[in-house]
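Let us walk through this structure step by step. Keep the sequence and the 3D view at hand.

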Protein chains: 2
Amino acid sequence: MEDILQDWEKRWRKSVLPFAALAALREGPKHGYALATSLRDLLGAAAPEGTLYPLLNGFERDGLTKAEWAIQETGPARKTYALTPKGHAVFDAAVKSWGAFSNSLGGLLT
Amino acid sequence: MEDILQDWEKRWRKSVLPFAALAALREGPKHGYALATSLRDLLGAAAPEGTLYPLLNGFERDGLTKAEWAIQETGPARKTYALTPKGHAVFDAAVKSWGAFSNSLGGLLT
DNA sequence: TGACATACCTCGACTTTCGAGGTATCTCCC
DNA sequence: GGGAGATACCTCGAAAGTCGAGGTATGTCA
């Protein structure tokens with residue numbers, strides 16, 4: 001029974017992953033690894049790299065983010081992702097959508 | 001951009017499908033076809049049969065529902081699914097989980 | 001008789017997910 | 001110098017999940 005609930009929660013988390021990623025990016029540009037850490041804090045579960053990097057590429061392809069290589073004197077090169085205006089717009093629209101969705105779902109649970 | 005939002009909403013709906021199915025069943029036993037109709041009303045999108053029937057079998061396997069063939073004098077035979085006590089318990093627990101989840105998500109969006 | 005709605009279910013192609021592996025740099029300690 | 005571990009990127013392919021299409025059957029209505 002706990003397994004079932006955990007499965008469901010995992011499902012829910014997965015379904016909002018792109019959304020949560022935009023939320024994390026909204027605070028400022030981040031590189032992939034940092035984003036993974038943020039998401040672990042936000043969602044309580046790590047976003048696997050095999051999921052995260054393709055997701056970020058998708059964002060780029062859809063014009064939601066703009067990536068830039070940040071070459072540093074020290075440490076490995078980092079690719080930082082920043083939200084574009086479109087990215088912000090999609091996020092804002094998604095917040096509204098989410099509100100409507102979670103309200104309508106809440107309604108049918110009572 | 002609308003496509004992206006629609007994708008996400010579809011994702012969200014899919015992720016709560018088992019949950020919504022239990023919710024629909026909570027009101028009383030239903031057969032698969034009727035459940036599909038309920039879900040279309042509840043979620044605003046049809047649950048494809050190729051998804052729904054395997055889902056119901058999963059419920060049965062996990063002991064959340066008990067199925068019974070209702071042979072009728074008229075009309076095709078129907079398999080009705082009723083929530084078991086465990087099914088009710090899982091649903092109640094899921095409602096709590098969902099509340100926690102949607103709250104925590106709501107928090108990070110503001 | 002044909003068309004359509006109800007009602008069940010499965011198959012397999014398709015998509016999505018993600019663990020494991022690969023590459024590279026830097027720091028810290030022995 | 002060298003090993004361990006953290007940071008940082010990415011890809012591949014097996015595994016899992018999804019679902020449209022197809023199949024079977026009954027009832028109704030024109």
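Axes are lines fitted to C-alpha atoms, for helices over the stretch in contact, and angles between them run from 0 to 180 degrees between N-to-C directions. Keep in mind that this is a predicted model.

Start inside chain A. The axes of helix 2 (residues 17–26) and helix 5 (residues 85–108) of chain A come within 10 Å. They cross at roughly 125°. Helix 2 of chain A is therefore oblique to helix 5 of chain A. The crossing of helix 2 of chain A past helix 5 of chain A is left-handed.

Which residues meet there? From helix 2 of chain A come F19(A), L22(A), A23(A) and R26(A). Helix 5 of chain A answers with G87(A), V90(A), F91(A), A94(A) and W98(A). By class, this contact has seven nonpolar residues, one polar and one charged.

Now turn to the DNA. Chain A supplies at least two residues from each of helix 3 (32–43), helix 4 (49–61) and strand 3 (78–83), and so does helix 4 (49–61) of chain B. The surface near DNA strand D holds six nonpolar, eight polar and five charged residues.

Next comes DNA strand C, with 20 residues around it. Here P48(A), G50(A), H31(B), G32(B) and Y33(B) come nearest. Helix 3 (32–43), helix 4 and strand 3 (78–83) of chain B each supply at least two residues, as does helix 4 of chain A. Which element gives the most to this surface near DNA strand C? Helix 4 of chain A does, with four residues. The surface near DNA strand C divides into seven nonpolar, eight polar and five charged residues.

Conventions
Residues numbered from 1 in each chain as written. Chains lettered and ligands numbered in written order. Predicted model: local features only at pLDDT ≥ 70, side-chain atom pairs only at ≥ 80, totals over all residues. Nonpolar A, V, L, I, M, F, W, Y, C, P; charged D, E, K, R; others polar. Near = placed C-beta within 6 Å. Parallel < 35°, antiparallel > 145°, perpendicular 65-115°, else oblique. Left-handed = near helix turned anticlockwise from the far one by under 90°. Contact = placed C-beta atoms within 7 Å.
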